[in-house]
Amino acid sequence: MKAMTNNIYGDDPYLNRLLSYFQSQFYEKIIRMVPIRNHVFLVKTEKHTYILKGYQSYSRLRLQEAFTETLRKEGFSKTYMFVSPEVKEPLFFEGTYFGCTKYIVPHKKEFTFHTEQNRQEGLGLLEQFHQVTASFETRYRTLLAKSDLIEKWSKRMHAFSSKSPLLSCFINKPYFSEIMSWANWSLDGMKKNRQFFQNEPYVILHGDVAHHNFLRDSAGNLNLIDFDLITIGNRALDILQYANRILPFLNWSYDQLTGYKQIQQFFQEDGFLYALVYPADIFREWNRLIREKLYPDKDKLKQVMDLTIGQFYERKNFIDQIIRAFL
């Protein structure tokens with residue numbers, strides 16, 4: 001493996017400066033640095049491999065370090081571990097504090113929600129996470145916000161609807177109108193059942209149960225990673241998000257979704273059913289696409305269009321089944 005040079009990133013001055021900074025701080029020689037995503041880097045030295053992740057404040061970094069340490073002490077070891085590399089001083093570069101975790105060597109097959117085994121295993125791991133965090137969430141109530149899904153989703157819907165002039169270039173009016181009707185019906189029902197979302201016992205919610213936050217290591221063990229969005233709340237909120245993430249892989253089958261025991265138990269709750277109707281994924285992806293001006297990218301646009309239009313009638317059948325239950 002060739003050693004990196006300061007101009008390895010060519011015209012990207014930030015990455016060049018960051019690499020130079022890391023090289024100046026690590027006692028071990030850095031032989032490779034790979035950007036993974038925004039402010040996350042794989043850094044390989046002559047002896048070790050790390051993941052370096054940037055945080056906007058030192059308090060956020062310390063919170064993440066404390067939380068993962070508490071997780072392990074309380075019995076949840078299926079995640080990453082912060083470590084202290086041999087550096088000259090704490091890593092702080094251009095307003096960003098960098099934390100360092102031990103690199104988890106990934107399995108040759110990436111974790112996805114395409115297979116039933118993975119969907120079941122991911123849900124089981126999330127259940128373990130909730131069981132452990134329930135035992136110590138009171139210690140974090142002064143450090144973490146309490147989740148407010150209704151407020152969050154109301155803002156997400158407003159952000160989506162406010163972009164209707166641009167969205168009309170991609171989504172025909174009948175589709176747009178029906179999607180908005182689903183969201184309004186869902187939020188109205190959630191507000192009527194607000195107490196369900198506030199009920200204790202609480203856990204620490206992961207907040208982002210996307211497939212990329214489940215990492216299978218080289219030994220085949222599944223890990224849960226990335227706790228940037230942790231909050232305090234009812235575990236049903238993570239379960240809702242997980243259901244929303246896997247439904248496209250179930251072809252929006254109501255019957256298949258009720259087959260998961262961790263999800264099935266919530267189908268007796270009106271608040272949960274109302275929330276299942278909310279098109280969280282459609283709003284999230286369009287808001288991001290427009291915010292980051294990614295819609296000229298044909299591949300990214302195609303993915304979001306498939307989510308919105310390609311799956312429209314399967315989703316509509318799923319939603320109609322839920323709505324009929326209230327008639």
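**Questions about a predicted chain**

Guide: The protein chain holds 14 helices and 9 strands, where helices (H or I, at least four residues) and strands (E, at least two) are DSSP runs numbered from the N terminus. This is a predicted model, in which local features need pLDDT of at least 70, side-chain atom pairs count only at pLDDT 80 or more, and totals for chains, interfaces and linings use all residues. Residues are numbered from 1 along each chain as its sequence is written, and side-chain values use heavy atoms, with hydrogens and water left out.

Visitor: What makes S3 and S5 a pair of strands?

Guide: Two strands pair if DSSP finds at least two bridges between them. Strand S3 (residues 49–55) and strand S5 (residues 96–102) have 6 bridges in the antiparallel sense, so they pair.

Visitor: Which order do the strands of the open sheet have?

Guide: The 5 strands run S1-S2-S3-S5-S4, with antiparallel pairing. Strand S1 (30–37) and strand S4 (92–93) are the edge strands, since each pairs on one side only.

Visitor: Which strands does helix H1 touch?

Guide: Helix H1 (residues 13–25) packs on the sheet and touches S1, strand S2 (40–45), S3, S4 and S5. Contact means heavy atoms within 4.5 Å.

Visitor: Why is the pair of Tyr21 and Phe22 called tilted?

Guide: Rings of Phe, Tyr and Trp (its six-membered ring) pair if their centres lie within 6.5 Å; planes under 30 degrees apart count as stacked, over 60 as edge-to-face and the rest as tilted. Tyr21 and Phe22 are 5.9 Å apart centre to centre, with 50° between the planes, so the pair is tilted.

Visitor: Why is the pair of Phe113 and Tyr242 called edge-to-face?

Guide: Their centres are 5.3 Å apart and their planes make 70°, so this aromatic pair counts as edge-to-face. Phe113 lies in the loop between S5 and helix H3 (116–133) and Tyr242 in helix H8 (residues 236–246), so the pair ties together parts that are 129 residues apart in sequence.

Visitor: How do you know whether Tyr242 is buried or exposed?

Guide: Buried means under 20% relative accessible area, exposed over 50%, partly exposed in between (1.4 Å probe, protein chains only). Tyr242 has 0%, so Tyr242 is buried. Phe113, at 2%, is buried as well.

Visitor: What makes the radius of gyration agree with a compact globule?

Guide: The radius is taken over C-alpha atoms, and the globule rule is 2.2 Å times the number of residues to the power 0.38. For 327 residues a compact globule would have a radius near 20 Å; the protein chain has 22 Å, which agrees.

Conventions. Axes are lines fitted to C-alpha atoms, for helices over the stretch in contact, and angles run from 0 to 180 degrees between N-to-C directions.
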